[in-house]
Amino acid sequence: IKMLYPKPGWVEVNPDEMFEQFVAVVKEAVEDSGLHMKQMAALGISTQRATFVTWDKTTGRPFHNFICWQDLRAVDLVRSWNKSLLLWVVHKSSGLLHFLTRKKRFLAASVIHFSTQHVSIRLAWVLQNIKQVQDAVAEENCSFGTIDTWLLYKLTKGNIGLEGKVSNNLNLKGIEAANSIYCNFGYTDKSIFGIPIQIMALAADQQAAMFGECCFEPGDVKLTMGTGTFMSVNTGTKPHASVTGLYPLVGWKIGSELTYIAEGNASDTGKVIQWAQQLGLFSDVAETEKMAQEVQSTDGVFFVPSFSGLQAPLNDPNACASFMGLKPSTTKIHLVRAILESIAYRNKQLYDTMLKEIHIPITCIRADGGICSNQFVMQLTTDLLACDIEKPKRVDMSSLGAAFLAGLANGYWGSREELKTIRSVEKIYKPQDVLHDYKSIIENWELAVSRSMHWYTKTKQE
């Protein structure tokens, strides 16, 4: 998928190109499998969350490109809402309710803040700044959806099944729809794949990866390192009320069973690797592992991975990405190692936050995503977390999770216990006794992070 950056901080994708590539990938996957479309029993879809588009309800034409989850165009709106009198009242009243009731949900509400990752904020920006959308809303001719909704609309040519509801990224207790759900969403139009195929599952990427990793029990942790890092823990039948920015989300809904997860994320993981490659620090991503091992340390260089701000537990959309500690002796190898180390340090931040907030014993940690193929990052993360981490043979768990959900829905698989027998582990990383060696290094990296925070707020004030 080609990412578009029309302005600083803006991140977009062309909706029509995305659909064309989606169809091409499905056809190629079926062809490579040696099977035929007529043998496909069901279709499960896993997509990126919090990326959305609006389109003309009559013509189906999008009013703008997809606005991606890393997009920062609404940062001024976020700042305004976070400083609003209404949010101040919510904070104070929730703080009082927590004092009187000691219920954690009120404590969480007393510190809640908006961020650019929230779809509602960026949608508000669209409603304020794109006249076509304003006119369409006034005429009741505007559709809104995340990537899954758009694909479903295009695949069915608007004839979406009504047997199930889907909502991507809901996080409210007591809802009927879920991030990962299977039911009948209708059939693909015959003109797309040659035959109609029943769409049985829609899943947000992280929830699908969680399901693909078979993290079915409370305390199971999934660590995805792809474009961003997402650390999620199964919290069972109860949503978690966080005070540091962990998201309480619906994991999946199967029948009447609703499973919740708590998630922390770092937006810039694979993105910083891609940036470093474009900068010429290396030609092949596979080189980075060997490069990092060619030196014993970064020679005092630290990297802050913050092209899209810093998320939990720091929650600063105005933080900047930066190298600190550069000197004449610094080489590109030191820079590459500093980048890889920063990924592991953010993993430790998220894990420590999870341990502090989630009072559920951690039962296992299972990694996936393209970055988990880098043994340097995996081993350092394992050392810093001081626990075993499993790496599966298949690193793209989102697609497997969507397949699992669709297969359960149409009876191809009979139970989640059967799914566990399908999952395969390639390697289990064991922690080495080096955590004490990194204590001062992590402290210095945290100092570098603190100096990168609020950067864009400060520069605008100047």
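Residues are classed as buried when their relative accessible area is under 20%, as exposed when it is over 50%, and as partly exposed in between (1.4 Å probe, protein chains only). By this criterion, buried residues account for 52% of the 462 residues in the chain. The model is predicted, so that local features need pLDDT of at least 70 and side-chain atom pairs count only at pLDDT 80 or more, whereas totals for chains, interfaces and linings use all residues. Residues are numbered from 1 along each chain as its sequence is written, and side-chain values use heavy atoms, with hydrogens and water left out.

The secondary structure comprises 17 helices and 16 strands, taken as DSSP runs (helices H or I, at least four residues; strands E, at least two) numbered from the N terminus. Along its principal axes, the C-alpha trace spans about 60 × 55 × 50 Å. Of the contacts (heavy atoms within 4.5 Å) with a separation of 6 or more, 71% are accounted for by residues 24 or more positions apart.

The largest nonpolar core contains 54 residues, of which Met225, Met231, Ile273, Ile365, Leu384 and Leu385 touch the most other members. Helix H12 (residues 332-357) supplies the largest share of this core, 12 residues. Such a core is a set of buried Ala, Val, Leu, Ile, Met, Phe, Trp, Tyr and Cys residues joined through side-chain atoms within 4.5 Å. Not counting residues up to four places away in sequence, Ile365 touches Val221, Leu223, Tyr351, Leu385, Cys387, Asp388, Ile389 and Glu390.
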